[in-house]
Amino acid sequence: MGLLEGTVALVTGIANKRSMAWGIAQAFDREGARLVLTYQHQRFRENLEELVPELGQTPALIELDVASDGSIAALGTWLAQQCADGIQCVVHSIAYAERHDLEGRFVDTSREGFLTAQNISAYSLVALSRMAAPLLAKAGGGAILTLTHLGSTRVMPNYNVMGTAKASLESAVRYLAYELGRDRIRVNAISAGPVKTLAASGVRGISQALRMTEERAPIPENITTQDVGNAAVFLASPWATHITGQILFVDSGFHILGA
Ligand SMILES: NC(=O)c1ccc[n+]([C@@H]2O[C@H](COP(=O)([O-])OP(=O)(O)OC[C@H]3O[C@@H](n4cnc5c(N)ncnc54)[C@H](O)[C@@H]3O)[C@@H](O)[C@H]2O)c1
């Protein structure tokens with residue numbers, strides 16, 4: 001019997017096989033969750049179609065662009081129609097900033113670049129949660145999960161505007177956890193160590209971050225998307241029933257270092 005047997009999980013943010021969200025989808029599949037997967041645009045749908053035969057189920061694939069309120073509403077309508085008993089889990093694994101804002105000086109970030117990072121990487125959690133909350137409540141409660149990074153509270157070279165977006169995201173986790181707890185909806189984040197995904201490749205210095213974990217983390221090796229998937233299973237499962245508003249670090253212990 002899997003830990004997520006009988007649950008329906010919406011997993012956003014799979015771009016390809018290296019995505020954090022793909023590690024989560026694989027772990028959820030292994031634990032018996034029924035999956036609804038979203039993709040940002042057609043190219044990623046094609047990637048998803050190549051990946052899903054690796055799963056033990058044929059999940060629904062739905063388009064979602066979190067920059068569009070209409071797209072979020074359309075997903076909500078689809079879920080309300082297809083999942084009559086509600087859903088138990090939402091995974092938000094989405095971030096975006098302009099490439100030129102992920103290098104050089106943070107002080108040079110433009111207004112537009114700053115707002116883009118906040119909109120796609122942080123506000124989208126609020127909008128998705130608002131859409132999904134009635135569906136989670138209908139199921140008697142559930143879990144909302146997002147992905148963050150230590151760059152929210154510590155300065156990481158080149159992480160720049162994404163650091164401010166992650167700080168906003170983590171604050172949103174706490175405000176959402178506070179408000180949605182009465183409906184037994186838990187909201188948590190996984191703060192992951194570096195993994196060379198498509199999004200991470202946009203941050204100059206990702207190779208240096210990977211090397212730093214290997215050289216200095218208490219567990220001197222890099223994490224995998226499977227590690228993130230397993231932590232997500234725990235947070236989505238009944239074993240985490242009274243855990244909410246938390247940032248769970250999956251980073252080989254890197255965040256405890258003082259220098
Ligand atoms: N890779 C790392 O080192 C690392 C570390 C910590 C946290 N994270 C976080 O993990 C999450 C997933 O990133 P990843 O590293 O798996 O990279 P990824 O590129 O595989 O995933 C990012 C996803 O965001 C989606 N996205 C971007 N704009 C969107 C939009 N407008 N609408 C819908 N989807 C949109 C992309 O389609 C993509 O699927 C992000 O929040 C990222 O910040 C990554």
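**Close-up views of a predicted model**

View 1. R45 is found in helix α2, which spans residues 42-51; helices here are DSSP runs of H or I with at least four residues, strands are runs of E with at least two, and both are numbered from the N terminus. The structure is a predicted model, in which local features need pLDDT of at least 70 and side-chain atom pairs count only at pLDDT 80 or more, while totals for chains, interfaces and linings use all residues. Residues are numbered from 1 along each chain as its sequence is written. Leaving aside residues up to four places away in sequence, R45 touches Y39 and L61, a contact being two C-beta atoms, placed from the backbone, within 7 Å. R45 and S201 are 156 residues apart in sequence, and 20 Å separates them in space, C-alpha to C-alpha.

**View 2. Packing of helix α3 with helix α4.** Helix α3 (residues 69-82) packs with helix α4 (residues 111-138) at an angle of about 15°, their axes being 10 Å apart; axes are lines fitted to C-alpha atoms, for helices over the stretch in contact, and angles run from 0 to 180 degrees between N-to-C directions. This angle makes α3 roughly parallel to α4, a term for angles under 35 degrees, whereas those over 145 count as roughly antiparallel, 65 to 115 as roughly perpendicular and the rest as oblique. On the α3 side the contact is made by I72, A73, L75, G76, L79 and A80, and on the α4 side by A127, L128, M131 and L135. The residues of this contact divide into nine nonpolar, one polar and no charged, with Ala, Val, Leu, Ile, Met, Phe, Trp, Tyr, Cys and Pro taken as nonpolar, Asp, Glu, Lys and Arg as charged, and the others, Gly among them, as polar.

**View 3. Packing of helix α4 with helix α5.** The axes of α4 and α5 come within 8 Å and cross at roughly 20°, which means that α4 is roughly parallel to α5. Here α4 passes α5 in a right-handed crossing. Among the contact residues are G113, F114, A117 and Q118 of α4, together with V161, M162, A165 and S168 of α5. By class, the contact of α4 with α5 has 13 nonpolar, five polar and no charged residues.

**View 4. The shell around the ligand.** The ligand is surrounded by 27 residues, of which S19, L147, T197, L198 and A199 are the closest; a residue is near a molecule or strand if its C-beta atom, placed from the backbone, lies within 6 Å of it. At least two residues of the shell come from each of α1 (20-30), β5 (142-148) and α6 (198-201), and α6 gives the most, with three residues. The shell has 19 nonpolar, seven polar and one charged residues.

View 5. N160, in helix α5 (residues 160-180), has a phi near 40°, a positive value in a residue other than glycine. N160 counts as buried because 26 C-beta neighbours lie inside 10 Å. R184, in the loop between α5 and β6 (185-192), has a phi near 60°, again positive in a residue other than glycine. With 16 other C-beta atoms within 10 Å, R184 is partly exposed.

Definitions and conventions: A residue is buried if 20 or more other C-beta atoms lie within 10 Å of its own, exposed if 12 or fewer, and partly exposed in between; C-beta atoms are placed from the backbone. A crossing is left-handed if the near helix is turned anticlockwise from the far one by less than a right angle, and right-handed if clockwise.
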